[in-house]
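Welcome! Let us walk through this structure together, one stop at a time.

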Amino acid sequence: MTHIKVYFDGACPACRREMAFYRRFDRQERVDWFDITGEDRALRAEGIDPRTALGRLHVRLADGSLVTGVDAFIVLWQSVPWFRPLAWVASIRFVKARLERWYEPLTRRRLRRSGRSCGKTDDVP
């Protein structure tokens with residue numbers, strides 16, 4: 001059984017709800033869920049910049065490598081059987097390209113609304 005570790009922003013209500021939703025379907029416990037809130041030291045120890053972790057979902061694979069953003073969601077969806085069809089669709093080149101274009105501006109807006117920043121310029125309306 002392949003395990004992954006998902007680093008998510010637990011200070012974000014939408015992120016918390018979304019991860020709780022996926023967690024309900026992770027009946028085989030293939031995912032280790034890690035709330036990054038207040039865990040800057042632990043993130044740095046794992047080679048993850050805390051500010052970057054705010055702006056992009058991070059997933060550590062079983063082999064120790066790290067994926068972020070849309071690729072992280074695809075890995076998460078592949079790990080939870082109910083979401084494998086979504087992972088397949090999101091992996092299609094043009095779908096993935098559109099998701100990547102949408103992902104970062106959405107995250108910057110989310111952080112700006114909560115009065116936080118991931119270190120990117122906040123030029124998104």
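**Cysteines, a helix and the surface**

The count of disulfides here is zero, where a disulfide is a pair of cysteine sulfur atoms within 2.5 Å. In general, a disulfide is a covalent bond between the sulfur atoms of two cysteines. This is a predicted model, in which local features need pLDDT of at least 70 and side-chain atom pairs count only at pLDDT 80 or more, while totals for chains, interfaces and linings use all residues. Residues are numbered from 1 along each chain as its sequence is written, and side-chain values use heavy atoms, with hydrogens and water left out.

Cys12 is buried, at 4% relative accessible area, and Cys15 is buried too, at 14%. Buried means under 20% relative accessible area, exposed over 50%, and partly exposed in between (1.4 Å probe, protein chains only).

Next, look at helix α4, residues 69-79. Nine of its 11 residues are buried, so the helix is largely enclosed by the rest of the structure. Among the buried residues of α4 are Val70, Phe73, Ile74, Leu76 and Trp77. Helices are DSSP runs of H or I with at least four residues, and strands are runs of E with at least two, numbered from the N terminus.

Now turn to two loops. Asp49 sits in the loop between α2 (40-45) and α3 (50-55), and with 41% relative accessibility Asp49 is partly exposed. Glu29 lies in the loop between α1 (13-25) and β2 (31-35). Glu29 is exposed, with a relative accessible area of 58%, and has a positive phi of about 50 degrees although it is not a glycine.
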